[in-house]
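This report covers the charged side-chain pairs and the strand pairing of one model. Please look at the structure below before reading on.

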Amino acid sequence: MKPDIDVVIRDAVREDLPVVLELNEVVQSLHVTACPDVFKAVEDTDALLAILTNAVCDDGWGLWVACIDGLVVGCIMTELNSKLETALSLAHIEGHIHHVCVSEHHRRLGVGSQPVDQAIKTLRKAKPQRVTVGYWSCNEASKRLFESRGFKSALVIAELRNAN
């Protein structure tokens, strides 16, 4: 049984970004491990800080933090995209969840589900046709989390590695 933890979800502010950078490092390292030919370790923290600042300031982006006793222990980033009509598709709005990060000491306690719920609630206000999320096929924890929130597999992307 998960302990009763009081988690507060709030909009991130610039002062939260150093902790968000640390949390993001964990997600980025998973990407690097899974696909070292595509992803790289963050070397330019100023460039990543610029992306996160954009998420705090831009209406199309969302960045929330999960706090316990005032301490930032997790975060989530979202993006809202308006797609134009093309010869093959209708104009539509899509919401996307980019990252869910929870500090190592706070995992498996239900801390990740609350930022996901906040992200979905906020994205739904824009009335998107769909909200999407991507996660590695080996990430069973993410699969369980998003399935518990109603996400269903809709598109499978298979890779042919080192296809050159």
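The structure holds three salt bridges, a salt bridge being a side-chain nitrogen of Lys or Arg within 4 Å of a carboxyl oxygen of Asp or Glu. This is a predicted model, in which local features need pLDDT of at least 70, side-chain atom pairs count only at pLDDT 80 or more, and totals for chains, interfaces and linings use all residues. Residues are numbered from 1 along each chain as its sequence is written, and side-chain values use heavy atoms, with hydrogens and water left out.

| Salt bridge | N to O distance |
|---|---|
| Asp16 and Arg10 | 2.6 Å |
| Arg130 and Glu94 | 2.8 Å |
| Arg149 and Asp117 | 2.5 Å |

Arg149 lies in the segment after α4 (140–148) and Asp117 in helix α3 (residues 113–124), so this pair ties together parts 32 residues apart in sequence. Helices (H or I, at least four residues) and strands (E, at least two) are DSSP runs, numbered from the N terminus.

Asp16 is buried at 7%, while Arg10 is partly exposed at 30%. Glu94 is buried at 13%, and Arg130 is partly exposed at 46%.

Strands β2 (residues 61–68) and β3 (residues 71–83) pair antiparallel over eight bridges; pairing requires that DSSP finds at least two bridges between two strands. Ile68 stands opposite Leu71 in β3. Two residues separate the strands of this hairpin, where Asp69 takes a positive phi near 55°. Strand β3 also runs antiparallel to β4 (residues 92–102), joined by 10 bridges.

How values were computed
Buried means under 20% relative accessible area, exposed over 50%, partly exposed in between (1.4 Å probe, protein chains only).
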